[in-house]
Amino acid sequence: MIKTHKEAQAHRYGSWGGNPKGESYVEGKCAEEISTRDQFAVYYQCTRNNGHGIEGLYCKQHDPEAVKARKAATEKKWRKDLADEIAISEHFNLCVTALEGIADPLEFVTAAKALAVLFSTDNDTSEISTVAAKLRKAWRGE
Ligand SMILES: [Zn+2]
């Protein structure tokens, strides 16, 4: 990451075997070096106007603080999704346990169908809890 204006001025963008000197820093533009997202990945200086982040070297998108915040938000969402998934699978296990306790074949089939529909189309955990509770009651013969 480029941290000073001096560093940016000294930086060569997109230097490689075929262009060892690369391109020089363009004043007023974001200091981030980005690449084309293809197999020939060509590196170049971001073309957006600068004015954000360290010494105002970056564009809004590449401002290191903004990059960090986006990364944190993505990670937070990922953790939440994982927690939701675990909660759902725990409810699912509860439901399966409850299903195993239903002796009456017709009741079992009805409950199993309801569960199949629930887990295939709806991930609302409160609804799953309700069904799980009903199944557990049936299981205990309440
Ligand atoms: Zn940029």
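The answer below starts with the whole chain and then turns to one residue and its surroundings.

A: This is a predicted model; local features need pLDDT of at least 70, side-chain atom pairs count only at pLDDT 80 or more, and totals for chains, interfaces and linings use all residues. Residues are numbered from 1 along each chain as its sequence is written.

Begin with confidence. pLDDT is the predictor's confidence in each residue, from 0 to 100. The protein averages 84, and 82% of the residues score at least 70. Confidence is highest in helix H1 (residues 5-10), at a mean of 96, and lowest in helix H4 (residues 125-140), at 63.

Now the layout. The protein has four helices and four strands. Helices (H or I, at least four residues) and strands (E, at least two) are DSSP runs, numbered from the N terminus. Along the sequence, the pattern reads α-β-β-β-β-α-α-α.

Next comes burial. A residue is buried if 20 or more other C-beta atoms lie within 10 Å of its own, exposed if 12 or fewer, and partly exposed in between; C-beta atoms are placed from the backbone. Of the 142 residues in the protein, 14% are buried.

The part to look at is Leu57. Find Leu57 in the loop between E4 and H2. Leu57 is buried because 24 other C-beta atoms lie within 10 Å. Which residues does Leu57 touch? Two residues are in contact if their C-beta atoms, placed from the backbone, lie within 7 Å. Leaving aside neighbours within four places in sequence, Leu57 is in contact with Ile2, His5, Ala8, Ala31 and Asn50.

A nonpolar core is a set of buried Ala, Val, Leu, Ile, Met, Phe, Trp, Tyr and Cys residues joined through C-beta atoms within 7 Å. The largest one here has six residues: Ile2, Ala8, Cys30, Ala31, Leu57 and Tyr58. In soluble globular proteins, nonpolar side chains tend to be buried together.

Turn to Glu27, in the loop between strand E2 (23-24) and strand E3 (33-35). Glu27 counts as exposed, because it has 9 C-beta neighbours inside 10 Å. Glu27 and Ala8 are 19 residues apart in sequence, and their C-alpha atoms are 9.0 Å apart.

Glu55 is partly exposed, with 14 other C-beta atoms within 10 Å. Glu55 is not a glycine, yet its phi is positive, at about 50°.

H2 (residues 64-100) has 37 residues. Three of them are buried, so H2 lies largely in the open. The buried ones are His91, Cys95 and Ala98.

Key:
Expected span 1.5 Å × (residues − 1).
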